[in-house]
Amino acid sequence: MDQVGSGFSDFLQFLFMGLQRGSIYALVGMGYNIIYNSTGVINFAQGEFVVFGGLMMVTLTMTANLSIPLAFLLTVLFVTLIGVLMERFTIKPVKNPNVLRLIIITIAVSILLKGMAMCFWGKGSHYMRHFTGSDPIEVFGATLLPQTLWIIGILAVVVIGFVLFFNHTMIGKSMRACAINRDAARLAGINDRNMVMLSFALSAGIGAIAGIIITPIIQMDYTRGALLGLKGFGAAVVGGLGNSFGAVAAGMLFGIMEAMAAGYISSHYMDAVALLILLIVLFIRPSGLFGSADAARLREF
Amino acid sequence: MLKLVNVNSRYGLIHVLKNVSMHVSAGEIVTLIGANGAGKSTALRAISGLQPVHEGKIFFSDKEITNAPAEKLVRQGIAQVPEGRQIFWPMTVMDNLEVGGVVTYSLHGKKGLYDAIEGMFQLFPILKERQNQYAGTLSGGEQQMLAIAMALINRPRFLLLDEPSMGLAPLIVKEIFSVIARLREEEGLTVLLVEQNANAALKVADRGYVMETGKIVFEDTASNLMRNQEVRRAYLGKDKREIWE
């Protein structure tokens, strides 16, 4: 792409790529935040939810030949179920939960899920067709894949759904209350255990969505979880842990910076950019760009 | 209505409640007074299900509720106003009341919930004015009223109040206590009140227990406790005889 087009169309091209990657990081980061808010724990299996989403979608659309909307729905349900099972069988039975113990459990689950993904889907990478054709649209000399529009659109839908859910439904408000003050929420009659389960379900569902929409572009394989998870984690931290809008903004920032670095410097350094931003933010503002230090200190399991 | 029999509870190795036995009859206001760290709040948390009971039993309306989880006890009519105005700061007053009324919502639906919230607005009119404000921006007194409203919204039979006067102006304390007294008169609410402000607590209560280092050391009617030399010296700030006494 560097030999064609003006500076502006190059820039636009990188921007599209950045928005597309950024949307995925944003979704993964939101997934981290949901569980972090309800348990104080970073769920290291978040990347695996993304992989399972992508691979399940491949199976349902390419092998079972289901229509995309139906496969989408089934995949999200399937991964949500994995999230619920993970909470019920590995998090809930812990007798004296503390943050470190639970984090180590999530690492174990991520290894387990990765192994299962390898057994079921093999080591190769899997191709999936684009949602609505792969003919690029030309915008000011840059090319835009329809899939990119799907990705950005679905992120927008998820974010709006998120806002409506947490601000306008009783269950969403209960989940927030439980995240803010667990004892007070229990005294109000909210079952905190169920809220934790729900947070794993939601988080897995959002991870699955991220996997589904990115798979046509990156070709999913079982090892993808680690890097996607890491960048999403970076987005969650840079945005301020627990702050979902921060995660979306930081995810977008990561994606765009990466794409710009790949375009203007060298694609070899692409993966380093996100981590570099993460390090700088941790040095200068450890509570994240949109987080508050007080909130971070007050949070406990 | 409520009965504790030889209740023991620990935080790790620290033995906080040592053979605590007490009872509260229906329609009574009973206060539990004592110094900081005596175990008063732990006793309340053990009743409401937030703190595990290691030995002993707790009965509510003749049913054993030892170690029942807090979220279930709310449905049986026990409500606790926790210490230190534990409302949901980043949420609006309205959201706080809605979350407080989750049980009402699940029993009586949306209309039941908003009727209950309206009832709370009548009890504490200031909350109606503040309904769209974030709870963290309320004054201390308003926050305490919100915390009490969140407990009362499910129409409990039994209210556990933990240090409602902490850090509040005397006038607001008076208003809060008068609301409690009124609810007892009108709805037969039973109250267990934990206070460091022994004077204010004994004035509104029928009976009182005095707690020292995890044990109940006195039990008497409120008026007798107010006259008790030991209690006066330790908790009512009368350590020496006035000149005319």
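The answer below starts at the chain contact and then moves into each chain.

Analyst: This is a predicted model. Start with the contact between the chains. Chain A puts in 15 residues, and chain B puts in 22 residues. On the chain A side, α6 (170-180) and α7 (182-187) are the elements that give two or more residues. The top contributor there is α6(A), with six residues. By class, the chain A side holds seven nonpolar, four polar and four charged residues.

Now look at what α6(A) packs against. Its partner is helix α3 (residues 93-100) of chain B; the axes lie 10 Å apart and cross at an angle of about 100°. An angle from 65 to 115 degrees counts as roughly perpendicular, so α6(A) is roughly perpendicular to α3(B). On α6(A), the residues that meet the partner helix are M170(A), K173(A), S174(A) and A177(A). On α3(B), they are D95(B), E98(B) and V99(B). This helix pair has three nonpolar, one polar and three charged residues in contact.

Next, chain B itself. Its domain assignment gives domain 1 (1-77 + 157-245) and domain 2 (87-155). Over C-alpha atoms, the centres of domain 1 and domain 2 of chain B are 24 Å apart. Domain 1 of chain B brings 10 residues to their contact, and domain 2 of chain B brings nine. On the domain 1 side, α2 (70-75) and α7 (170-187) of chain B are the elements that give two or more residues. Of these, α7(B) gives the most, with three residues. The domain 1 side is made up of eight nonpolar residues, one polar and one charged.

Stay in chain B and look at F124(B). It sits in the loop between α4 (102-123) and α5 (125-129). F124(B) has 21 other C-beta atoms within 10 Å, so it is buried; the cut-off for that class is 20 or more. Beyond its neighbours within four places in sequence, F124(B) contacts M145(B) and A149(B).

L146(B) has its own set of contacts beyond four places in sequence: I87(B), V93(B), N96(B), L127(B), A135(B) and L138(B).

Helix α1 (residues 7-39) of chain A packs on α8(A) at an angle of about 170°, and the axes are 8 Å apart. The two helices are therefore roughly antiparallel. Compare the contact of α6(A) with α3(B), where three charged residues take part.

Back in chain B, check helix α1 (residues 40-48). Nine of its nine residues are buried, so this helix is largely enclosed by the rest of the structure. The buried residues include K40(B) and R45(B), as well as L44(B) and I47(B). Just after α1(B), G49(B) has a positive phi of about 95°.

Most residues other than glycine have a negative phi. N19(B) is not a glycine, yet its phi is positive, at about 50°. N19(B) lies in strand β2 (residues 14-24). It has 14 C-beta neighbours inside 10 Å, so N19(B) counts as partly exposed. N67(B) also has a positive phi, near 60°, and is a residue other than glycine. N67(B) is in the loop between β5 (63-64) and α2 of chain B. N67(B) counts as partly exposed because it has 13 C-beta neighbours inside 10 Å.

Definitions and conventions. Residues are numbered from 1 along each chain as its sequence is written. Chains are lettered from A and ligands numbered from 1 in the order in which they are written. This is a predicted model: local features need pLDDT of at least 70, side-chain atom pairs count only at pLDDT 80 or more; totals for chains, interfaces and linings use all residues. Two residues are in contact if their C-beta atoms, placed from the backbone, lie within 7 Å. Helices (H or I, at least four residues) and strands (E, at least two) are DSSP runs, numbered from the N terminus. Ala, Val, Leu, Ile, Met, Phe, Trp, Tyr, Cys and Pro count as nonpolar, Asp, Glu, Lys and Arg as charged, and the others, Gly among them, as polar. Domain bounds come from an automatic or database domain assignment. Axes are lines fitted to C-alpha atoms, for helices over the stretch in contact, and angles run from 0 to 180 degrees between N-to-C directions. Angles under 35 degrees count as roughly parallel, over 145 as roughly antiparallel, 65 to 115 as roughly perpendicular and the rest as oblique. A residue is buried if 20 or more other C-beta atoms lie within 10 Å of its own, exposed if 12 or fewer, and partly exposed in between; C-beta atoms are placed from the backbone.
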